[in-house]
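Please keep the sequence and model in view while reading.

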Amino acid sequence: MLFSVKSKGFFVDWGDKNTLIARTSASTGPFEVEHLRECASEDAAGWSKILSELQPKKAGGGFTHANVGINSDQAFIRRASLDIKRLKEADYLSEFSNTQFKIDPELNSIAVLNSTDGQDFDSTKATPEKDVLLCGLPVSEALSFQSAILERGVYPLRMELSSLASLGAVADYLKFTDSNKPTLVLELGSKQTQSFIVSSRGVEASRPISVGLDDMVPVVQKELGLKDEESARKLFFSNTFDFTGMGASLCKRLLKELQSSMGFYEVQTGQSIGQVVCTVLPSKLTWIEAVVASQIGVTVLQPDMMPWLKARQISIADGAISSGLDARKFALCGLMINFNNPLNATVA
């Protein structure tokens with residue numbers, strides 16, 4: 001029997017540069033991804049066109065009801081180790097976030113999650129998790145995103161950080177593939193880079209790096225002798241020039257910070273980083289991933305997502321995805337998956 005329009009599911013990964021919009025055969029799994037479309041995040045007309053094509057007859061006042069992942073330079077995900085003996089103190093977590101990371105609980109929406117499985121941290125357990133993730137963003141930023149997503153014609157049934165969805169998906173994929181390689185996960189934004197070390201056991205390290213894609217533009221200008229930064233910017237974000245040869249120069253500052261983070265992790269754990277994956281790079285800048293991998297001496301994670309998604313009760317319709325299932329889809333997949341269900345679970 002065909003699914004009715006009302007039973008369809010919609011998922012939106014609103015990125016810094018590009019946005020992914022998917023329609024599925026049902027709102028909860030198991031389901032089939034029927035369509036996956038992409039447009040520039042600032043392209044309101046592109047959003048509208050995609051939504052009208054995927055859901056021509058909208059209910060609920062013309063909104064497309066969707067689960068939404070958002071990317072923000074002001075979002076934070078920090079791995080930390082708590083003092084278990086102080087958990088019974090009423091203000092301990094607020095004090096901890098403020099003193100350790102300068103995250104004011106009065107101004108930010110903060111969630112505390114287990115670093116291993118992403119579940120809500122429970123301080124009342126007999127043996128609570130020590131290692132956690134402090135996640136969130138400023139309340140004003142969350143409200144701004146909520147207003148903006150409504151203006152785009154999308155009503156968020158659930159709104160979460162795309163980074164969290166992506167990290168959960170990467171860890172789950174590593175578990176599915178029986179990979180024992182700690183993986184460097186990079187999210188290169190305009191102003192900064194979020195760096196994580198992820199394994200099949202969860203998020204093992206996190207660090208924000210104050211180097212982003214915009215910092216590479218002046219280097220492009222200098223290396224190529226261009227007259228102004230705007231010309232360099234247009235060339236850098238186009239697909240008309242091969243920057244691989246000067247990649248090490250463009251990524252020099254980023255590489256220095258990454259090597260410092262990796263060295264600290266390897267000394268602390270005795271484990272070596274085995275691979276790297278960049279999960280939010282625009283398709284025109286994927287050469288950066290290869291440059292970083294080459295310079296730090298690791299391989300690039302090339303995910304084979306179809307078997308993994310099948311184990312998660314998600315299938316892909318023929319022709320649904322024109323751009324391929326690459327690492328940039330991890331966040332969208334993470335939004336779709338119910339991680340409370342075990343891999344290969346049989347769904348009635």
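## The largest cavity

Strands E3 and E14 and helix H11 (330-336) each supply at least two residues of the largest cavity's lining. H11 gives the most, with three residues. Helices (H or I, at least four residues) and strands (E, at least two) are DSSP runs, numbered from the N terminus. The model is predicted: local features need pLDDT of at least 70, side-chain atom pairs count only at pLDDT 80 or more, and totals for chains, interfaces and linings use all residues. Residues are numbered from 1 along each chain as its sequence is written, and side-chain values use heavy atoms, with hydrogens and water left out.

The structure holds one cavity of 30 Å³ or more. About 50 Å³ of space lies in the largest cavity. On a 1 Å grid over the protein atoms alone, a cavity is a set of points where a 1.4 Å probe fits but cannot get out; a pocket is an open set with protein on both sides within 12 Å along at least five of seven lines; lining residues have an atom within 4 Å of a point. Grid points are joined across faces, edges and corners, and a volume is the space filled by probe spheres set on the points. The lining includes Val 33, Leu 36, Ile 314, Ile 316, Cys 333 and Met 336. Lys 329 is also in the lining. By class, ten lining residues are nonpolar, none is polar and one is charged. Here Ala, Val, Leu, Ile, Met, Phe, Trp, Tyr, Cys and Pro count as nonpolar, Asp, Glu, Lys and Arg as charged, and the others, Gly among them, as polar.

## The second largest pocket

About 530 Å³ of space lies in the second largest pocket. Its lining has 34 residues. Gly 15, Asp 16, Asn 71, Ser 72 and Val 280 lie nearest the centre. By class, the lining has 14 nonpolar, twelve polar and eight charged residues.

Several elements each supply at least two lining residues, among them strand E1 (9-14), strand E2 (18-24), helix H3 (139-151) and helix H4 (162-176). Strand E10 (193-199) gives the largest share, three residues.

## The six-stranded sheet

Six strands form an open sheet of mixed pairing, in the order E8-E4-E1-E2-E3-E14. The edge strands, E8 (154-161) and E14 (314-316), each pair on one side only. The twist averages 30 degrees from one strand to the next. Two strands pair if DSSP finds at least two bridges between them.

E1 and E4 (residues 64-70) pair in the parallel sense over four bridges. Trp 14 has Ile 70 of E4 as its bridge partner. Helix H1 (residues 44-54) packs on the sheet, touching E1, E2, E3, E4 and E8. The direction of H1 makes about 160 degrees with that of E3. H3 packs on the sheet too, touching E1, E4 and E8, and its direction makes about 145 degrees with that of E8. Contact means heavy atoms within 4.5 Å. Axes are lines fitted to C-alpha atoms, for helices over the stretch in contact, and angles run from 0 to 180 degrees between N-to-C directions.

## Strand E4

Six of the seven residues of E4 are buried, leaving the strand mostly covered. Buried means under 20% relative accessible area, exposed over 50%, partly exposed in between (1.4 Å probe, protein chains only). Asn 67 in E4 stands opposite Phe 11. E4 also runs parallel to E8, joined by seven bridges. In that pairing, His 65 has Tyr 155 of E8 as its bridge partner.

## Backbone exceptions

Most residues other than glycine have a negative phi, and most peptide bonds are trans. Lys 102 has a positive phi, near 55 degrees. Lys 102 lies in the loop between helix H2 (92-101) and strand E6 (108-114). Its relative accessible area is 73%, and Lys 102 is exposed.

Asp 178 also has a positive phi, near 55 degrees. The loop between H4 and E9 holds Asp 178, which is exposed at 68% relative accessibility. A cis peptide bond joins Gly 29 and Pro 30, with omega about 0 degrees. Pro 30 sits in the loop between E2 and strand E3 (31-40).

## A buried serine

Ser 261 lies in helix H8 (residues 252-269). Ser 261 is buried, with a relative accessible area of 16%. Its C-alpha atom is separated by 8.7 Å from that of Ser 195, 66 residues apart along the chain.
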